[in-house]
Amino acid sequence: MRAGFPDFRLGTVLATSFTGTLSERRGDAVERIPTPQRLVDWLAVNGLAVASCTTAQLDLARELRESIHAAATAAAIQDALPASAVQVINDCSAQGRAAAILTPEGERRWRLGSASCVEDALSVIAADAISIIAGERDGRLALCASPTCQAAFFDTSQSRTRKWCDMNTCGNRQKKARFNANQRKNLRSAE
């Protein structure tokens, strides 16, 4: 990762990993793609390499990210999907040129052409969002239990009861806070 920028929070679901490029939405927000080059880096890490990105393309990516987050949040709480978010997701999905390919291991990957641009990569992310929001994949959309995060994530755990978007950040932070609160409570009762 490039020095001076926060690390990417990578997950197994492309669309919700993309929404994770803005974390701590209800606290001190952390923007993980603050520059066009940083978006190029994130896309490359996720197998969607493009040569360059303009400021306008970064703005479009952020609009898609926020639309996916809004739609996924609505789906997680079983609310109506925001029409404007659905429109952005559908528009981004329709405008790209990418092909699904099958790997020798039997997995689906996306192939962008050598002349592919950011919009092509965004179409793949939008298509992934459509797949999870429409309920086509085994799992459920949920919201992180951290009061400062509230990120939408795709829960594929066996029991479908996962609480945090990422155990290594939000989960550990909440468990540490609970432990410290219990320690203070125990000290006060021992006095």
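1. Cys92 is a buried residue, its relative accessible area being 2%, where buried stands for under 20% relative accessible area, exposed for over 50% and partly exposed for what lies in between, with a 1.4 Å probe and protein chains only. The closest cysteine sulfur to that of Cys92 belongs to Cys117 and lies 11 Å away, too far for a bond. The search of the whole structure returns zero disulfides, a disulfide being a pair of cysteine sulfur atoms within 2.5 Å. Cys165 is likewise in no disulfide, and the nearest cysteine sulfur, that of Cys149, is 3.7 Å away.

2. On provenance, this is a predicted model, in which local features need pLDDT of at least 70 and side-chain atom pairs count only at pLDDT 80 or more, whereas totals for chains, interfaces and linings use all residues. Residues are numbered from 1 along each chain as its sequence is written, and side-chain values use heavy atoms, with hydrogens and water left out.

3. Cys92 is one of the buried residues of helix 4, together with Ala85, Val88 and Ile89. Viewed down the axis of helix 4, the buried residues fall within an arc of 95°, so they line one face of the helix; the arc is taken from the directions from the helix axis to the C-beta atoms. An α-helix has 3.6 residues a turn, so residues three or four places apart point the same way. The face turned away from the buried side of helix 4 carries the exposed residues Ala83 and Ala94. The cover over the buried residues includes helix 3 (55-76) and helix 5 (118-133), counting as contact any heavy atoms within 4.5 Å.

4. Helix 4 spans residues 83-95, and its 13 residues reach 18 Å from first to last C-alpha, close to the 18 Å expected at 1.5 Å a residue. The expected span is 1.5 Å times one less than the number of residues, and helices (H or I, at least four residues) and strands (E, at least two) are DSSP runs numbered from the N terminus.

5. The largest nonpolar core holds 37 residues, and Phe18, Leu39, Leu64 and Ile125 have the most contacts inside it; such a core is a set of buried Ala, Val, Leu, Ile, Met, Phe, Trp, Tyr and Cys residues joined through side-chain atoms within 4.5 Å. Helix 5 gives the largest share of this core, nine residues. Leu39 touches, among others, Phe18, Ile33, Leu58 and Val118, leaving aside residues up to four places away in sequence. A second, separate core of five residues includes Cys144, Ala151, Trp164 and Cys170.

6. Strand 3 (residues 98-102) and strand 4 run antiparallel and are joined by five bridges, where pairing requires that DSSP find at least two bridges between two strands. Leu112 in strand 4 is the bridge partner of Ala98. Arg111, in strand 4 (residues 108-112), is exposed, with a relative accessible area of 51%, and touches Ala98, Ala99 and Ile101, not counting residues up to four places away in sequence.

7. Backbone torsions deserve a separate check. Most residues other than glycine have a negative phi. Gln78, which is not a glycine, has a positive phi of about 55°; Gln78 sits in the loop between helix 3 and helix 4 and is exposed at a relative accessible area of 76%. Gln150 also has a positive phi, near 60°, and is partly exposed at 22% relative accessible area.
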